[in-house]
Amino acid sequence: MTSIAESNLSKVPAVTLGFWVIKIAATTLGETAGDAVSMSMNLGYAISSTIFICIFAVAVAMQIRMRSFHPFLYWAVIVATTTAGTTMADFADRSLGIGYAGGASILFVLLMVSLYVWHQFEGSISVDTVTTPRVEGFYWAAILFSQTLGTALGDWMADTNGFGYERGALVFGAALVVVAIGYFFTNISRTLLFWGAFILTRPLGATLGDLLDKPLSKGGLDFSRFTASAVLAVFIIVCLLLLPQRAGQHPGESPKAL
């Protein structure tokens with residue numbers, strides 16, 4: 001018989017290989033779609049960020065109001081956080097003139113503060129504890145900051161540090177492999193490993209997105225941002241239709257573990 005806790009967690013998808021495949025595709029879509037609106041449509045980072053933050057606010061409000069897990073709505077909110085994260089990070093890095101290092105540092109602090117506040121109120125930051133609207137609010141706030149931080153990290157690695165998009169993607173991909181090894185072969189906190197992997201998939205998606213749509217002269221493949229976004233959106237929809245999407249718990253310890 002399904003427990004009350006499991007029922008309350010039914011809006012959160014089980015973490016499977018399919019979860020991470022869709023997450024990486026969603027973060028890549030966030031990069032191409034965010035750039036399409038801010039750059040290709042010439043709306044700028046501030047206006048684009050305002051648009052995507054409003055979309056995120058509406059989507060997350062719908063998600064929190066739902067009583068059960070709806071895969072398309074959940075992943076729509078994830079995509080909303082990635083697109084908002086893309087334009088917000090670009091606004092902080094470029095429009096405010098603080099650079100990638102400054103932007104990444106500020107966003108890291110904001111993420112740590114959001115997790116700290118979550119822990120102070122709930123006694124845990126494990127996503128296994130997402131059982132009430134308030135905790136889900138903390139959950140989505142942390143995800144929004146982690147997505148924005150990941151964008152800044154991806155741009156910092158690819159541009160400022162001179163790794164380029166391909167090598168930048170390889171670096172973040174290798175970091176995810178290390179996290180996976182930690183999950184399968186160590187006793188490191190599953191909560192920390194989950195958030196580490198969640199954050200790292202964003203810069204991986206950012207570098208993959210830039211690899212797709214940046215000009216050949218800058219090391220990209222020069223695909224249209226709109227075409228790349230459409231292909232990625234179709235890929236995500238196909239994954240949602242074909243890959244297992246069941247409600248379930250994220251890997252983590254007991255509610256008071258971390």
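Tutor: Leaving aside neighbours within four places in sequence, Tyr 45 is in contact (heavy atoms within 4.5 Å) with Ser 38, Met 39, Thr 87, Asp 90, Phe 91, Arg 94 and Ser 95. This is a predicted model, in which local features need pLDDT of at least 70 and side-chain atom pairs count only at pLDDT 80 or more, while totals for chains, interfaces and linings use all residues. Residues are numbered from 1 along each chain as its sequence is written, and side-chain values use heavy atoms, with hydrogens and water left out.

Tyr 45 belongs to helix α3; helices are DSSP runs of H or I with at least four residues, numbered from the N terminus. Its relative accessibility is 16%, so Tyr 45 counts as buried (under 20% relative accessible area, with a 1.4 Å probe and protein chains only). Gly 34 is eleven residues from Tyr 45 in sequence, and their C-alpha atoms are 8.9 Å apart.

Consider next the packing of α2 and α3. Their axes are 8 Å apart and meet at an angle of about 130°; axes are lines fitted to C-alpha atoms over the stretch in contact, and angles run from 0 to 180 degrees between N-to-C directions. α2 is therefore oblique to α3, a class left over once angles under 35 degrees (roughly parallel), over 145 (roughly antiparallel) and 65 to 115 (roughly perpendicular) are taken out. The crossing is right-handed, meaning that the near helix is turned clockwise from the far one by less than a right angle, whereas anticlockwise is left-handed. On the α2 side the contact is made by Ala 33, Gly 34, Val 37, Ser 38 and Met 39, and on the α3 side by Gly 44, Tyr 45, Ser 48 and Phe 52. By class, these residues divide into five nonpolar, four polar and no charged; Ala, Val, Leu, Ile, Met, Phe, Trp, Tyr, Cys and Pro count as nonpolar, Asp, Glu, Lys and Arg as charged, and the others, Gly among them, as polar.

Helix α3 (residues 44-65) also packs with α4 (residues 71-95): the two axes come within 8 Å and cross at roughly 155°. α3 and α4 are therefore roughly antiparallel to each other, and their crossing is left-handed. The contact of α3 with α4 has 16 nonpolar, seven polar and two charged residues.

Technical notes. Helix = DSSP H or I, 4+ residues; strand = E, 2+ residues; numbered from the N terminus. Buried < 20%, exposed > 50% of the residue type's maximum accessible area, 1.4 Å probe, protein only.
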